[in-house]
Amino acid sequence: MRVVVILISICKIAHASIFPADQEKCQYGDSKCIIRVANNVISKASQGYPELGLPVFDPLKLRSLDIEQGGNSPVNLKIHLRNFELIGLSNTKFISIQGFNKDYDNARMELKFNIPSWQIFGPYKIDGRVLILPVAGNGIANLTSYNNEITMKLLTKKVIKQGKEYMQIEKSRLVYVTDRVAFDFTNLFNGNKLLSETTNRFFNENWKQIHEEIKPKLYEAIASIYESLINKVFAAIPYDDMFIQGGSA
Ligand SMILES: *[C@@H]1O[C@H](CO)[C@@H](O)[C@H](O)[C@H]1NC(C)=O
């Protein structure tokens, strides 16, 4: 089942926005230029960029995320996060962008980017078992992932709204590699200090195996977050208005 993470942050966008004059326009498919613009937008936009349809995205407020990892796996966990935050996206740095050509209907694109660290922070409930250790609790969770190298593949399509042509992501897939994930769950076992410390230590000592089991859901969640942010930008401005038109290229 596809994880859909709902962004709470919304921003009022003027319909039929025009491409901001302070952003460089690129030739279609000019990946160096597009990387430059994307990084510039990210560095300016963490507190929102209404002209480009972007809400405040650092921290990004999110409604819910359910990670239910079970079956016969040694990691059998249900983690439910509600009204939580994702912190760190403003440090996204694009390193490679392929696509954004003139023809974007049914087109494949690929983005590679780094984030030095991201944190999922907020109210959680957890229930399950890791190896032989039972786990239960509810409180505040902090999952921090360090040195993330993310690859996102997109399938895009053309949509027409009020006679104008826009790009929309039809499907996306995301994977990342990380150096380390740190877990901190407050109030495990109704606040039993010893069990809480033991369990958090166990999570951190076994982070690789635990992350391995929960990462498919994290991949999907983070894909859906980037997908909705990118879609907001491309829903704000007709695709061709973002690129140099009628150049000699
Ligand atoms: C989450 O944990 C990381 C690593 O321990 C820490 O650096 C960060 O400040 C914590 N985040 C919050 C919001 O407390």
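Buried means under 20% relative accessible area, exposed means over 50%, and partly exposed lies in between, with a 1.4 Å probe and protein chains only. This is a predicted model, where local features need pLDDT of at least 70 and side-chain atom pairs count only at pLDDT 80 or more, while totals for chains, interfaces and linings use all residues. Residues are numbered from 1 along each chain as its sequence is written, and side-chain values use heavy atoms, with hydrogens and water left out.

**Exercise 1. Backbone angles**

Task: Find the loops that hold Leu131 and Asn190, then describe phi and exposure for each residue.

Solution: Begin with the background: most residues other than glycine have a negative phi, and most peptide bonds are trans.
- Step 1. Leu131 sits in the loop between S4 and S5; helices (H or I, at least four residues) and strands (E, at least two) are DSSP runs, numbered from the N terminus. Its phi is positive, near 55 degrees.
- Step 2. Leu131 is partly exposed, because its relative accessibility is 29%.
- Step 3. Asn190 belongs to the loop between strand S7 (180–185) and helix H2 (193–205), and its phi, near 50 degrees, is positive too.
- Step 4. With 73% relative accessibility, Asn190 counts as exposed.
- Step 5. Now look at the peptide bond between Asp58 and Pro59: it is cis, with omega about 0 degrees. Pro59 is in the loop between helix H1 (31–45) and S1.

**Exercise 2. The disulfide**

Task: Which cysteines form a disulfide, and which hand does the link have?

Solution: Apply the distance rule, by which a disulfide is a pair of cysteine sulfur atoms within 2.5 Å.
- Step 1. The sulfur atoms of Cys26 and Cys33 are 2.0 Å apart, and the two residues form a disulfide. The count by this rule is one.
- Step 2. The angle about the S-S bond is -85 degrees, and the link is left-handed.
- Step 3. Check the accessibility: Cys26 is buried at 4%, and Cys33 is buried with a relative accessible area of 4%.

**Exercise 3. The ligand shell**

Task: Which residues are around the ligand, and which elements give two or more of them?

Solution: Use the cut-off for being near a molecule or strand, namely a heavy atom of the residue within 4 Å of it.
- Step 1. The shell holds Gln119, Phe121, Asn142, Thr144 and Tyr146.
- Step 2. Look for N or O pairs within 3.5 Å. In the side chain of Gln119, an N or O atom is 2.8 Å from a nitrogen atom of the ligand.
- Step 3. The protein buries 48% of the 360 Å² that the ligand exposes when taken alone.
- Step 4. Strand S4 (107–130) and strand S5 (133–161) each give two or more residues to the shell, and S5 gives the most, with three.

**Exercise 4. A hairpin**

Task: How many bridges join S1 to S2, and which residue stands opposite Asp66?

Solution: Two strands pair if DSSP finds at least two bridges between them.
- Step 1. Strand S1 (residues 60–69) and strand S2 (residues 75–87) run antiparallel, joined by nine bridges.
- Step 2. His80 in S2 is opposite Asp66.
- Step 3. Five residues separate the two strands of this hairpin, and in the turn Gly71 has a positive phi of about 70 degrees.

Definitions and conventions:
A polar contact is a pair of N or O atoms within 3.5 Å; within protein, one must be able to donate a hydrogen and the other to accept it, and residues adjacent in sequence count only if both atoms are side-chain atoms. Accessible areas come from the Shrake-Rupley method with a 1.4 Å probe; for residues, only the protein chains shown count as cover.
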